[in-house]
Amino acid sequence: MTRFAIKGIDPVLFRDVELIARLFFEEVQLTETDDRADFQLEFTLDESEAIEVRVTLTADKVQWSAEHVRSIEGCTGEKEIRKRMKQAISYVLVQVLERATGIEQPWGILTGVRPTKLFHTLLQKGNSLQEAKRLLEQEYLLHPEKTQILEEIIRRQLTVLPDFYELDKEVSLYIGIPFCPTKCAYCTFPAYAIGGRTGSVEGFLAGLHEEIAAVGAWLRTRGLPVTTIYFGGGTPTSISAEQMESLFQQLKSHIPDFGQVREWTVEAGRPDTLDEEKLALMKRWNVDRISINPQSFKEETLKVIGRHHTVEETLRKYQLARQMGLNNINMDLIIGLPGEGLETFAETLDVMRELRPESLTVHTLSFKSGSVMTQNKEKYRVAGREETREMVRMAREWARDQGYVPYYLYRQKNILGNQENVGYAFPGEESLYNIIIMEERQTIIGLGCGAVSKIISPVSGRLSRLPNPKEPKAYIDTYRRHIKEKLAKLDEAYGITPVGH
């Protein structure tokens with residue numbers, strides 16, 4: 001535990017200090033006064049004409065200091081001024097902690113922010129690509145290597161979706177299937193072992209059918225097209241082929257202009273859920289894109305993280321999908337899994353070179369609250385900061401050499417080495433849904449267990465979240481009430497007055 005004693009700022013700002021401090025230290029404790037603290041932080045603030053922040057960091061009689069002035073020009077209220085105050089505090093704090101620890105933060109002051117979304121916002125304010133990069137480097141302390149990949153991604157997104165800034169005229173659908181063969185150690189998604197849950201599966205699917213019908217009717221009445229449909233979970237292919245086809249038929253029956261949907265993805269992330277019947281079904285229904293996710297090509301790692309399939313099974317199911325005519329396959333890899341370092345990751349990339357999936361997402365391991373791995377951290381030996389950074393660099397160079405382009409990026413709390421997750425694809429094979437969900441450009445209506453509706457009002461631009469229950473029984477017991485709430489929220493966001501008001 002690294003302890004900080006803080007002077008000179010309101011304790012309501014301590015959370016912002018903690019977020020930055022946690023980029024450098026795994027566990028952090030903040031207090032107002034503590035002579036025994038590892039670090040003493042003293043801030044001086046001036047908000048008269050601009051926000052001026054100075055900080056002095058002291059440890060073992062050694063001091064580091066930094067200062068920063070942030071303009072409040074254009075601020076429309078107290079909330080915007082407070083936001084810039086937080087940015088200024090983060091700015092000086094990153095500088096002194098980098099000097100004190102020798103640890104560089106390539107993402108600068110960004111925590112809990114979608115970097116590409118911020119980049120798009122700067123562009124929409126009239127900045128050029130080069131101006132946006134300069135602002136990110138100067139105002140947010142991003143390293144050039146990060147602004148460069150962001151620029152590449154932004155260019156790709158605007159090429160793939162020329163109507164990117166007008167997507168609020170349509171919606172996308174996310175369908176959450178909460179079942180998996182087993183639960184992985186790093187996972188916090190709604191994922192329940194399907195074995196012995198026959199009743200829950202049938203009850204859940206009955207509710208999902210009703211939800212699809214209700215949302216489809218709402219879309220038809222409002223004249224809203226669907227851009228993309230994404231089956232996630234869990235592992236959607238955990239249910240039977242017959243159950244899958246029944247869901248597909250329900251979508252076709254109720255979603256307006258179903259044949260005009262631009263992209264349809266089904267995650268088949270666990271190879272042990274795939275067989276010829278399911279692959280033939282998805283081919284017959286013209287599913288555009290599937291995911292077969294190895295995460296690792298090391299048998300020992302798969303056992304440690306709780307994935308009950310083998311490397312051989314992953315390779316066999318991948319080849320089977322190819323033979324069945326599925327020609328847009330995504331694969332996920334995770335950097336920094338227990339016991340894996342540079343050598344193992346290089347071997348994994350060699351396998352990927354042979355497979356050549358149309359797209360791959362390279363995740364950096366994140367210790368998510370509630371996961372088995374996070375609750376038992378001492379049992380798992382994972383890669384250090386520098387090794388993680390080197391693997392991220394390796395993935396980027398490898399992808400470029402193989403002809404892949406980066407097209408989406410996101411970051412998570414507690415991610416190893418304060419790095420990122422990047423989606424790569426061959427040009428023209430990018431996942432539209434992945435771009436839309438990360439950049440929050442349009443409403444995504446969530447159906448099924450654990451599905452979160454992200455409703456973006458085309459009237460106000462305001463984003464609101466509405467989650468469905470995560471647990472199958474809770475969903476079965478309450479889905480009708482949640483359908484009503486969802487439709488009411490959609491009516492409100494789209495400026496539609498409910499009948500009778």
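This report describes a sheet and a set of salt bridges in a predicted model.

## Basis of the values

The model is predicted, so that local features need pLDDT of at least 70 and side-chain atom pairs count only at pLDDT 80 or more, while totals for chains, interfaces and linings use all residues. Residues are numbered from 1 along each chain as its sequence is written, and side-chain values use heavy atoms, with hydrogens and water left out.

Strand β4 (residues 51-59) pairs with β5 in the antiparallel sense over 9 bridges, and L57 stands opposite W64 in β5.

## Salt bridges

The structure holds 31 salt bridges, each defined as a side-chain nitrogen of Lys or Arg within 4 Å of a carboxyl oxygen of Asp or Glu. One of them joins the side chains of E420 and K146 at 2.9 Å, N to O, and links parts of the chain 274 residues apart, with E420 in the loop between β14 (405-410) and β15 (421-425) and K146 in helix α5 (residues 144-160). Both residues belong to a network that also includes E104, E145 and R389.

E420 is buried at 4% relative accessible area, as is K146 at 3%, where buried means under 20%, exposed over 50% and partly exposed in between (1.4 Å probe, protein chains only). In helix α11 (residues 342-355), D350 and R353 lie 3 residues apart and meet in a salt bridge of 2.7 Å, N to O; D350 is partly exposed at 41%, and R353 is partly exposed at 33%.

Key:
Pairing = 2+ DSSP bridges. Helix = DSSP H or I, 4+ residues; strand = E, 2+ residues; numbered from the N terminus.
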